[in-house]
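Please look over the sequence and the structure shown below before reading on. The paragraphs after them are meant to be followed with the model open.

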Amino acid sequence: MRIVVDNKLCTGCETCLSSCPYDAIVLKDDKAFINEYCQLCRACLEVCPEGAIKEIETGVGVEDTTDRDSFRGVWVFAEQRDGRIADVSFELLGAGRRLADAREAGLSAVLFGADNSEAERLIHWGADRVYHSEAPVFEHFNDEPYVELLSRLISEHRPEILLTGATPTGRSFFPRVAARVGTGLTADCTSLEIDSETGNLLQVRPAFGGNIMATILCPYRRPQMATVRPRVMKKGQYDKTGTGEILKIKADDIQSKTRVTETIKEVSETMVNLQEADVIVAGGRGLGKIEGFQMLQELAGLLGGAIGASRAAVDEEWIPYSHQVGQTGKTVCPKIYIACGISGAVQHLVGMQSSDIIIAINKNPDAPIFNVANYAIVGDVYEVLPVIIQKLKEVKGI
Amino acid sequence: MKIIVCIKQVPDTAEVRINPETNTLIRDGVPSIINPFDLHAIEAGLHLKSELGGTVTVLTMGPPQAEDALREAISMGADEAVLLTDRAFAGSDTLATAYTMSSAVRTIGFDIILCGKQAIDGDTAQVGPEMAEFLNIPHVAYVGKFEEINAGMLRVQRLMDEGYDVVETSVPVLLTVVKELNQPRLPSLKGKMKAKKSVIKKLTHPDIGTEEKNLGLAGSPTQVKNIFAPEAKKDRKVLTGTPGEQAAQLIEELKSLKCI
C-alpha cells in the first residue's frame with residue numbers, strides 16, 4: 001500500500017502537515033505532497049478536511065528475480081541451547097504444519113548442534129524431515145557458522161517458507177541469512193496465514209511501537225522468512241510413534257570470527273514466575289500511583305499468581321522492567337490474565353492476548369483492552385478490586 | 001580507531017495514540033527523538049574512543065530534519081556527523097536500508113560499528129545484523145557489557161533470554177547494544193555550542209556507489225499489505241452494575257470455570 005494526495009481535492013490548507021510523525025508531508029505547488037519519508041503510519045488520513053489523502057494498493061516491489069515455483073516446503077529452524085531444543089521450535093512446527101498443508105508441501109526442521117535424540121523429538125513434534133548438523137562449531141551460538149550453513153541449505157533445497165523463534169538468537173542471525181540469500185524477513189510475527197489466492201505468506205506483526213498491526217508480504221522473493229514470538233503459536237500434536245528422516249549435514253569447513261568463551265545462566269525470579277504462572281495480575285497507567293501495585297499484590301497472593309505490568313507502569317517506575325508484559329517485555333500465556341488500569345496498546349496486547357481468560361478492569365469503556373477481554377468490567381480499579389479481594393477471601397474462608 | 005554509530009530519528013512511540021474509530025495514529029504533538037537504544041550506542045562509541053583513541057562518526061539515513069538528531073549526537077561528544085539522504089531511498093525496508101547504510105559506512109571507512117539493538121518505531125532489530133552481512137564482518141547483538149577492549153579484539157557480554165554469553169570477536173566488527181550497557185551522558189554546554197556550528201556532511205546515492213535496483217522500494221522484498229487494529233473477541237461478557245455486583249458476577253464466573 002501507499003498513501004497519496006488526490007490533487008483534485010487538496011486545497012493546500014496545510015492541516016495535514018503537522019499530523020505526520022515523520023515530517024513526510026510538504027507543500028509543493030500549493031498542494032500537499034507526501035515524500036519518500038512516508039512510513040505508512042496513516043496518521044494523516046483522517047485529518048484532511050477534504051478527504052484528499054488516500055490509501056492505495058500497490059503492486060510495486062522488487063522484480064521477480066527468483067524462480068518462485070521452484071521453492072517448496074516449510075522449514076522451521078529449531079533453536080537449541082545447551083543441547084536442549086527451545087519450546088518455541090515445537091510451537092513453530094505446529095504453525096508450520098498448518099502452512100505446509102495449505103501449500104500441499106512438506107514440513108522440515110533444521111537443527112544445528114544437540115544430539116540425535118533431540119533431532120528425533122522434532123520428528124515427534126511433527127517434522128517430516130530434519131536437517132541436522134552435529135559439527136562441534138555449533139556447540140555455542142555464533143552467528144557466522146549458523147548463517148553459513150543455513151544459507152547453504154537454503155540454496156540447495158530451496159524452501160518456500162522459513163521460520164524461527166523471535167528470540168535473541170533468532171533475531172540476531174536470521175537477518176544475516178535474509179541478507180545473504182537476498183530475501184525479505186518479517187520480525188516478531190504474531191500470526192501467519194497463507195493467502196489462498198496468491199499462495200503468499202501473510203505475516204502479521206505489531207507496527208509503530210506496537211500501536212497497531214501490519215500485514216507484511218514478501219511476494220517476489222523466496223524463501224519468505226519470519227521470526228515468531230514464543231508462546232504465540234500453539235504446539236502441534238506430539239506423537240512418539242511419528243516417523244521421518246534425519247539427514248546429517250557436514251560443516252567441518254565452517255569457521256567463526258566470534259567465539260563464545262562462557263555461557264552464564266542468570267534467571268531472575270520474576271521472569272520465571274511470570275512465564276510459569278497460571279494467573280497474572282497486571283497493572284498499567286490507570287493505577288495512577290505506585291501504591292496500586294500493593295493491591296494487585298494482594299489479589300495475586302490470593303490467586304497464587306504473579307505480577308505483570310504494562311510499559312507505561314514500568315516507565316513510571318512503579319515496578320521493575322522484569323515485570324513488563326508486551327512487545328518490548330515478556331510474552332505470557334497464563335490461564336487467567338487480569339488487566340487492571342491497562343488501556344491495551346497493541347504493544348501490550350501482543351504480549352498477553354493468547355492467555356486463556358482475560359479479565360479487564362478499566363474506567364474507559366472504549367479502552368482497546370476490552371477488545372481482547374473475555375470479561376469486561378468498566379469501572380474504577382480502586383472501587384472494584386477491593387470488593388473482588390474481599391469476596392475472594394470469603395470464598396477461601398480467610 | 002574509526003568508530004561509526006548508526007542512529008535513527010523516530011517519533012516517540014510511547015506518546016503515540018490510536019483513534020479507535022479510524023485505526024489511525026494521532027500525532028498530537030508527539031516529539032521526534034533519537035531512538036532511545038541509539039543513545040546507548042553513542043555513549044558506547046564515546047567510551048570506546050576514550051579507551052582506544054580515534055574518532056566517532058554518527059550516521060543516519062533520513063529526511064533533512066534528521067539533522068537535529070545528528071546535532072544532538074555531536075552535542076554529546078561525537079566528532080562528526082553524516083546524513084544519508086536521497087529520493088532514491090524512498091520506501092526502503094530493512095534489507096534496502098541495511099544495503100544503503102552499509103554502502104555509506106564503507107565509503108566513510110570503519111573499524112567498529114555500533115547500533116542500538118532496535119528502533120522503537122519498527123522494533124525489527126534487523127538493520128544492524130544485515131549491515132554486518134553486507135560488509136562481510138562479524139557482529140554481536142545485544143551487547144550488555146564490555147569486558148575487555150583491545151584494538152584487535154573485543155570481549156563482550158551478549159544478553160540472552162536466560163543470562164548472557166561472553167563473546168570474543170575480532171575487529172572490524174558491528175555491535176548492537178542494549179540499555180544495560182551504559183548510562184548515556186547528557187549534552188554538555190560546550191558540546192551544544194559545537195553542535196550548532198558543525199557542518200553536517202550529506203551523502204547521496206551517487207556518493208556511496210549504490211546500485212539503483214537495490215535501493216528504496218525497488219530493493220525492498222517486503223511490502224506492507226495493510227494496517228489494522230486487532231478485532232474484538234466475540235465471546236466477551238460485560239459485567240455491569242455497582243462495583244459490588246461486578247465483583248460478585250466475576251467471582252461466580254470464575255467459580256463456574258473452576259478457576260477458584
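This is a predicted model: local features need pLDDT of at least 70, side-chain atom pairs count only at pLDDT 80 or more; totals for chains, interfaces and linings use all residues.

Residues are numbered from 1 along each chain as its sequence is written, and chains are lettered from A and ligands numbered from 1 in the order in which they are written.

Chain A contains 10 helices and 22 strands, where helices (H or I, at least four residues) and strands (E, at least two) are DSSP runs numbered from the N terminus. Taken along the principal axes, the box filled by the C-alpha atoms of chain A is roughly 75 × 65 × 40 Å. Of its 398 residues, 53% count as buried, a residue being buried if 20 or more other C-beta atoms lie within 10 Å of its own, exposed if 12 or fewer, and partly exposed in between, with C-beta atoms placed from the backbone. Among the contacts in chain A with a separation of 6 or more, 66% come from residues 24 or more positions apart; two residues are in contact if their C-beta atoms, placed from the backbone, lie within 7 Å.

The contact between the chains takes 85 residues from chain B and 85 residues from chain A. On the side of chain B that touches chain A, 46 residues are nonpolar, 21 polar and 18 charged; here Ala, Val, Leu, Ile, Met, Phe, Trp, Tyr, Cys and Pro count as nonpolar, Asp, Glu, Lys and Arg as charged, and the others, Gly among them, as polar.

Strands of a sheet pair through backbone hydrogen bonds, either parallel or antiparallel. In this model, six strands form an open sheet with parallel pairing, in the order β19(A)-β18(A)-β20(A)-β21(A)-β22(A)-β15(B), and two strands are taken to pair if DSSP finds at least two bridges between them. The edges are held by β19 (306-309) of chain A and β15 (237-239) of chain B, each of which has a single partner strand, so one side of each is left without a neighbour in the sheet. Within chain A, β21 (residues 357-362) and β22 (residues 375-378) pair in the parallel sense over four bridges, and A:Y375 in β22(A) is the bridge partner of A:I359. Across the chain boundary, three bridges join β22(A) to β15(B), which run parallel, and A:Y375 stands opposite B:K237 in β15(B).

Turn now to a helix pair in chain B. Helix α3 (residues 94-108) and helix α4 (residues 127-135) of chain B pack at an angle of about 55 degrees, with their axes 8 Å apart; axes are lines fitted to C-alpha atoms, for helices over the stretch in contact, and angles run from 0 to 180 degrees between N-to-C directions. The residues that make this contact include B:L95 and B:M101 of α3(B) and B:M131 and B:F134 of α4(B), and the contact divides into nine nonpolar, three polar and two charged residues.

Finally, B:A151 lies in the loop between β9 (139-149) and β10 (153-160) of chain B. B:A151 counts as partly exposed because it has 13 C-beta neighbours inside 10 Å. Leaving aside residues up to four places away in sequence, B:A151 touches B:M1, B:L52 and B:V171.
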